[in-house]
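Open the model in your viewer and have the selection tool ready.

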Amino acid sequence: MERQSWLSQLLYTGAAVGGAACAAVAARNLQRVLRARSRIKVLLAASAGTDARVVITGATGGIGQELAEQLLRNPSVHLLLGCRDHLKAQRLFQSSERTKVHRLDLLDPDSVQAFADEAHLFLAGGESGLRMLVNNAGVMRPPVSQSKGDSTWQTNFLGPFLLTELLARLRQKQQPSPVRVVHVSSRLEKRSQLDHHLLDAVTRGEVGENPYADSKRGLMLWTSVRAQSLAFKGGLFCHAASPGIVDSDLGRHVVPAWLWPFTKPLRMLLMRSPAEGALAVVGGALTPQATSCFGRYWDGEAQVEDLVIERMGNKQLALSLVKWATKATALEQRADGYDR
């Protein structure tokens, strides 16, 4: 009996200490969330104008959903959301009359082209104000059941590549207001071993050991060699941004499904919240310099790198990457219809 009493007391004490620790972590996390949301509000108020129009890909969870919700707090913002699960997106944002939802499957080039057409009309309409495209949708390690060939490269690189390049072609014959474009990259791109040899393998469907990091490096290299042309010819001021390591569903397939919910306290302690990730993604793009320069790599409002200059040593690899992506997406054939 005495031993049972001692054990019960130990368990009670452990639970109390654990509960207090979790409460402290949650309180600290809430403060960080509120600070990030407040900063987005301030930046948006200074840049939105009369009629702000923002296109976001992937907005049914994580950073994309958080970003959409925070942008809608400004009454001048209208959103176009491109989501594979468009029915879920419609449910999430059904109360907002300033939100349009369009189905977008980045694994399907025809779906990407249809969305590019829709995005062009959306951004060209309305009164003066902020115009922005956030290429947010991405996958880290999708389940096999969701894979169609290499879904990582298609979702993280080829889809955003086709969408952005087509949008630039649609805008070439006009002189519309500039569009700020953010490609959501990752700090993990530093782990990429992408070189000419690996790129050749990717073109054959052999994706290598780390397709997530490689595809994110692909985004950076593409931006480094195409940002200037996209800005001058299409009025798209393209930049990359790192959200940091964010507590989102992106990594839910890295651990067993049953374990994922139990990692929440640790994720809150060690990772950024979706609100902080959203600020890191658009913080730089909401500043005035976003349309006076191109090819920058941001973490929030802090510039990490000038991709055009600092990735110059990888120019030949970047050009080879763009050549492959142009062929893989049939970009030129698709764009031919816009020139007629």
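**Stop one: α2 and α9**

Select helix α2 (residues 62-71) and helix α9 (residues 274-282), which pack at an angle of about 80° with their axes 8 Å apart. Helices here are DSSP runs of H or I with at least four residues, numbered from the N terminus. Axes are lines fitted to C-alpha atoms over the stretch in contact, and angles run from 0 to 180 degrees between N-to-C directions. The two helices α2 and α9 are therefore roughly perpendicular to each other (65 to 115 degrees).

Now show side chains: G62, I63, E66 and L67 of α2 meet P274, A275, G277, A278, V281 and V282 of α9 (contact means heavy atoms within 4.5 Å). By class, this contact of α2 with α9 has seven nonpolar, two polar and one charged residues. Ala, Val, Leu, Ile, Met, Phe, Trp, Tyr, Cys and Pro count as nonpolar, Asp, Glu, Lys and Arg as charged, and the others, Gly among them, as polar.

The model is predicted: local features need pLDDT of at least 70, side-chain atom pairs count only at pLDDT 80 or more, and totals for chains, interfaces and linings use all residues. Residues are numbered from 1 along each chain as its sequence is written, and side-chain values use heavy atoms, with hydrogens and water left out.

**Stop two: α5 and α11**

Next select helix α5 (residues 151-171) and helix α11 (residues 315-328), packed at about 85° with axes 10 Å apart. On α5, pick W153, F157, L158 and F161; on α11, pick L321, V322, W324, A325, T326 and A328. This contact of α5 with α11 has nine nonpolar residues, one polar and no charged.

Methods: Parallel < 35°, antiparallel > 145°, perpendicular 65-115°, else oblique.
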